[in-house]
Amino acid sequence: MPKYDASSAEVLLFSFKDGLLAKVAHDLKMRVDDFSIDVADDLSSVKATFQANRISVLTAMKDGRDDYGTLSDGDKKKILGNIADDVLNSRRHPTITFESSSVREQGSTRTVSGNLTLNGQTRSVSATIREEGANWVTDVTLQQPDFGIKPYKALGGALKVKPEVRVSVRVPKS
């Protein structure tokens, strides 16, 4: 059974700004630093565990591109504190899990369906996994309110984060 972690695979998170002050805010690119993904040898099942308190802010993003140097270490620390305390509630729910219920092969892609538990709430999710060079890649958009999460907001809602968060997972094919 292939097993992947942060040393062999990558899990990125993308959040997007909203509100009246969106022009002065940042879209964010983050990384999950502690996770394990187990895939059956015959690719018939997937089980994954992610540590909600082990996330790094990599960079701000502007127009879909990395905007390095925009965020100070202090900014990143404040953002991570907000994510841990106000968004993911990681002290109460330190682990995020996914367990597949089906994997369907469709040509060069696979559709994986299963249950994601986030913030203590379990919901069905489905993702299309595609081959990209030497990797299997998927991008899944999650709606924070589906998991009982209120999207972050500040300044009376003039600065806020959109409810959707994109999760990108990349693992080597072998």
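The radius of gyration is taken over C-alpha atoms, and the globule rule is 2.2 Å times the number of residues to the power 0.38. This is a predicted model, in which local features need pLDDT of at least 70, side-chain atom pairs count only at pLDDT 80 or more, and totals for chains, interfaces and linings use all residues. Residues are numbered from 1 along each chain as its sequence is written, and side-chain values use heavy atoms, with hydrogens and water left out.

**Figure 1. The whole protein.**
For 174 residues the rule gives a compact globule a radius of gyration near 16 Å, and the protein agrees, with 16 Å. The C-alpha trace spans about 50 × 30 × 25 Å along its principal axes. Along the sequence the pattern reads β-β-β-β-β-β-β-α-β-β-β-β-β-β. Of the 174 residues, 40% are buried, where buried means under 20% relative accessible area, exposed over 50%, and partly exposed in between (1.4 Å probe, protein chains only). Among contacts (heavy atoms within 4.5 Å) between residues at least 6 apart in sequence, 55% join residues at least 24 apart.

**Figure 2. The nonpolar core around V11.**
A nonpolar core is a set of buried Ala, Val, Leu, Ile, Met, Phe, Trp, Tyr and Cys residues joined through side-chain atoms within 4.5 Å. The largest such core has 38 residues, and V11, I37 and L88 touch the most other members. Leaving out residues up to four places away in sequence, the contacts of V11 include M30, F35, I37, F50 and V167. In soluble globular proteins, nonpolar side chains tend to be buried together.

The 15 residues of α1 should span 21 Å at 1.5 Å a residue, and the end C-alpha atoms are 20 Å apart, which agrees; the expected span is 1.5 Å times one less than the number of residues. I79, N82, I83 and V87 are buried in α1. These residues lie on the same side of α1, because they cover an arc of only 100° around the axis. The arc is that of the directions from the helix axis to the C-beta atoms. An α-helix has 3.6 residues a turn, so residues three or four places apart point the same way. The buried residues of α1 pack against β3 (27-32) and β6 (55-62). On the face turned away from the buried side are the exposed residues D73, K77 and K78.

Most residues other than glycine have a negative phi, and most peptide bonds are trans. N89 follows α1 and lies in the loop between α1 and β8. Its phi is positive, about 50°, although N89 is not a glycine. N89 counts as partly exposed because its relative accessibility is 27%. N119 has a positive phi near 60° and sits in the loop between β9 (109-118) and β10 (121-132). With 13% relative accessibility, N119 counts as buried.

**Figure 3. H93 beside N119 and G120.**
H93 is in the loop between α1 and β8. Apart from neighbours within four places in sequence, H93 is in contact with A52, L88, N119 and G120. A polar atom of the H93 side chain lies 3.5 Å from the backbone nitrogen of G120.

**Figure 4. S100 in strand β8.**
S100 belongs to β8 (residues 95-106) and is buried, at 14% relative accessibility. A polar atom of its side chain lies 2.8 Å from the backbone nitrogen of V46. Beyond neighbours within four places in sequence, S100 contacts S45, V46, V112, S113 and G114.

R54 is found in the loop between β5 (46-51) and β6 and counts as partly exposed, at 41% relative accessibility. R54 and A84 are 30 residues apart along the chain, and their C-alpha atoms are separated by 9.1 Å. R54 contacts R31, V32, D33 and D34, leaving aside neighbours within four places in sequence. Y68 is in the loop between β7 (65-67) and α1 (73-87) and is exposed, with a relative accessible area of 56%. Y68 touches L58 and T59, not counting residues up to four places away in sequence. From T49, Y68 is 19 residues away in sequence and 29 Å away in space, C-alpha to C-alpha.

Technical notes
Helix = DSSP H or I, 4+ residues; strand = E, 2+ residues; numbered from the N terminus. Polar contact = N/O pair within 3.5 Å; in protein donor to acceptor, adjacent residues only side chain to side chain.
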